Amino acid sequence: MIIPVLPMDRETPPSTSTASVSPEPLMRMIEGLQVTAIIRAGVQLGVFDQIATGRDQAGSIAAAIDADERGTRILLDALAALGLLDTAEGYRLTPLADAFLVTSRPGYLGGMVNISAAPWTWTAYSHLAEAVRHGGTVLDHHAETPGHEFWEAFAPSSTGMAAPASRRLSELLRGWAAQRENLEILDIACGSGLYSLTLAAQHPTARATLLDWANVLELTQDNVEALGLRERTSFIEGDVFEVALGGPYDVIIASHILHHFSEQRCRELMSRLVTALKPDGRLVVHEFASGPCPADDPSPYLFSIVMLTWSREGEAHMLDTYRRLLHDAGFSPPEVHANQGMPTRFLIAERAG
Ligand SMILES: C[S@@+](CC[C@H](N)C(=O)[O-])C[C@H]1O[C@@H](n2cnc3c(N)ncnc32)[C@H](O)[C@@H]1O
């Protein structure tokens, strides 16, 4: 490809803007690649853990992480430039880094940093223009490849994000679930399984059925064991569009799966799910559910780029799309709840009639 040095397109009409525009916001945007790489390197090298233990000089931190002092200093200063470290008296963690980038903290999100910026992800982004031309992924192995190894990495890495969200969902369902006898839960495309396991752990007679690819369910077992739920958990291996779902269930949880598919495929999936629910059962959709204006609600629109690069037809559908799909599948209008501090929403809909 030849990149023109000078503007070449004589058909472009003159700019209508009379104000002078600073290029600064654009230059900031171009730094996005560096920003992600800097945070990932900090996580990979354990820099935040070292500073949490009290090391505050480039030399001592470099020695502790077995790295070069100059390299460490440059990384630490870049982390400070991003607002993750303070430099007033040696290197100190800012509250943001302390809460989310130190491995021992309950809110640790380093796993998500790693997975969001893994080499595999960089490769997918490097094909973005092709994906735009093609209208979907151009990769041979992608989100819909059965048993993709990415999901083995995702399941354990996602727990920092899934654990608080699971507690939030369990809170939202607590009163309703307490009135059900022997609550039966199906968690489709369960990954870590935390959404259903956390709910089951709260209700002593509840049972969870976890559905995902076999290679992912092997990892989900760790969370089942950790929560002491082995006797109350069953597993369904395979494609959510094809395997027998069993049931009927009181509640089905579909967390971060519908964005993998086109609206039509979501429609097919919801029709399948509604038949696996008890007549007054509930479907939980946990998703980026965008509003109509990208600038007001950026995260879902940026996330759609991820799905464009590595799924055939997936995207972060709009909240109104989910409302319509739920209605058409036979659900009452959903309750919509924010997921505190995260750009996703819980839609909880009851099977109508
Ligand atoms: C983004 S993760 C979501 C995991 C979990 N529900 C959560 O919210 O943390 C998507 C999950 O869907 C699973 N998956 C993707 N396509 C699937 C399919 N057709 N059938 C079953 N599982 C599928 C993947 O293995 C992965 O665990």
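Tutor: The protein is divided into domain 1, residues 24-113, and domain 2, residues 150-350, with bounds that come from an automatic or database domain assignment. Residues are numbered from 1 along each chain as its sequence is written. This is a predicted model, in which local features need pLDDT of at least 70 and side-chain atom pairs count only at pLDDT 80 or more, while totals for chains, interfaces and linings use all residues.

The C-alpha centres of domain 1 and domain 2 lie 33 Å apart. Where the two domains touch, domain 1 gives 5 residues and domain 2 gives 7 residues; two residues are in contact if their C-beta atoms, placed from the backbone, lie within 7 Å. On the side of domain 1 that touches domain 2 there are 3 nonpolar residues, 2 polar ones and no charged ones, where Ala, Val, Leu, Ile, Met, Phe, Trp, Tyr, Cys and Pro count as nonpolar, Asp, Glu, Lys and Arg as charged, and the others, Gly among them, as polar.

The secondary structure comes to 16 helices and 9 strands, and these are DSSP runs numbered from the N terminus, with helices (H or I) having at least four residues and strands (E) at least two. Of the 353 residues of the protein, 35% count as buried, a word used when 20 or more other C-beta atoms lie within 10 Å of a residue's own, against exposed for 12 or fewer and partly exposed in between, again with C-beta atoms placed from the backbone.

The part for our close look is the surroundings of the ligand. A shell of 19 residues surrounds the ligand, and W151, A189, G191, S255 and H256 are the closest; a residue counts as near a molecule if its C-beta atom, placed from the backbone, lies within 6 Å of it. Sorted by type, the shell has 11 nonpolar, 6 polar and 2 charged residues. Its largest share, 3 residues, comes from helix 10, residues 150-157.

A189 is found in the loop between strand 3 (184-188) and helix 12 (194-202), and A189 counts as buried because it has 20 C-beta neighbours inside 10 Å. H256 lies in the loop between strand 6 and helix 14 (263-275), and H256 is buried because 20 other C-beta atoms lie within 10 Å. Although A189 is not a glycine, it has a positive phi of about 50°, and H256, also not a glycine, has a positive phi of about 55°. Most residues other than glycine have a negative phi, and most peptide bonds are trans. The peptide bond from G247 to P248 is cis, with omega near 5°, and P248 lies in the loop between strand 5 (233-237) and strand 6 (249-255).

The nonpolar cores come next. The largest nonpolar core has 62 residues, and those with the most contacts inside it are I185, I188, I252, A254, L283 and V284; such a core is a set of buried Ala, Val, Leu, Ile, Met, Phe, Trp, Tyr and Cys residues joined through C-beta atoms within 7 Å. Setting aside residues up to four places away in sequence, I188 touches L211, V240, I252, A254 and I257. A second, separate core of 19 residues includes A62, L85, L93 and L101. In soluble globular proteins, nonpolar side chains tend to be buried together.

L76 lies in helix 5, residues 69-81, and L76 counts as buried because it has 23 C-beta neighbours inside 10 Å. Leaving aside its neighbours within four places in sequence, L76 is in contact with V47, A58, I61, L85 and Y91.

Helix 11, residues 159-178, has a kink of about 40° centred on L172, the bend at a residue being the angle between axes fitted to the seven residues ending there and the seven starting there. Among the buried residues of helix 11 are M161, A165, R168 and L173.

P334, finally, is found in the loop between helix 16 (319-329) and strand 8 (335-339), and P334 counts as buried because it has 22 C-beta neighbours inside 10 Å. Not counting residues up to four places away in sequence, P334 touches R323, L326, L347, I348 and A349.
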